[in-house]
Amino acid sequence: MAAWNSVYLEVTYQVLGWIAFFAWSFSFYPQVLLNFKRKSVVGLNFDFLVLNLTKHSSYLIYNAALFFSPVIQRQYREKYGYDEMIPVAANDVAFSTHAVLLTGFTLFQVLIYDRGNQKVSKSCILISSVAWAAALVSLIVAWPKHSWLWLVSVFNTLQVIMTAIKYIPQAFMNFKRKSTVGWSIGNILLDLTGGLLNFVQMSVQSIDQNTWVNFYGNIGKTLLSLEVVFFDILFILQHYVFYPVNKNEEAAQSVSDGPNAPLINSPEDSKESA
């Protein structure tokens, strides 16, 4: 059974993991609060939410199964070595559980707040359906031989793919509107913090164990962090560089008079108000 060689590094690993948990978990709340304040979800891409729910559900299945199941842990060590530590920590399970709940709640906000003319696209429904169909087929294939590690690895791969896909609709929507109004930058800043801390946490474990197995043994977590950092930097550039919004425009949007109010005041509106 693998064990930590350094108590200092073990404590550092745990602290970094829980800081990443709080950063990633809190990243959901700016968007929830923004929706509540505006009583509107206009500007928030619904495809992102649906794909995000599939992503986090897949990640929860992987994390919970590998963290709690002795059978899957044994299969992991048989594959990667009995001296290797399980690459999933308690904070990973806690984050995934919280993510599924908060994503579900944000989808509930979509149902009760002004949506404008936005809706979930057919391509999003198709992608989500294919993802869950693939998961079902994998379960059927894994069941006879009890290939549970392979099965949860499928869910891990699924969450990586969904992570890569889920950000694209929001990034394209921001590009098309030339605006990030309705999309919380606080979410992105906290998300980026969690992604970077994830890398540091995994590096601490690798230093202690003198091996990089945890990076490719849990390739999903590694790729997840890379994807998060890449897209979060893109969103930061969209918000602060490509499509900056002044405070007057943000304030005007937050107190818009009706569901058909424009997301950003047009030049004509500005002239009339002047």
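Modeller: This is a predicted model, in which local features need pLDDT of at least 70, side-chain atom pairs count only at pLDDT 80 or more, and totals for chains, interfaces and linings use all residues. Residues are numbered from 1 along each chain as its sequence is written, and side-chain values use heavy atoms, leaving out hydrogens and water.

Colleague: Where do Glu78 and Arg74 lie relative to one another?

Modeller: They are four residues apart in helix 4 (residues 70-80), hence separated by about one helical turn; helices are DSSP runs of H or I, at least four residues, numbered from the N terminus. Glu78 is partly exposed at 45% relative accessible area, and Arg74 is partly exposed at 41%. Buried means under 20%, exposed over 50%, and partly exposed in between, with a 1.4 Å probe and protein chains only.

Colleague: Which residues have the most contacts inside the largest nonpolar core?

Modeller: A nonpolar core joins buried Ala, Val, Leu, Ile, Met, Phe, Trp, Tyr and Cys residues through side-chain atoms within 4.5 Å. The largest has 47 residues, and Tyr62, Leu66, Phe95 and Phe235 have the most contacts inside it. A second, separate core of nine residues includes Ala20 and Leu197.

How values were computed. Helix = DSSP H or I, 4+ residues; strand = E, 2+ residues; numbered from the N terminus.
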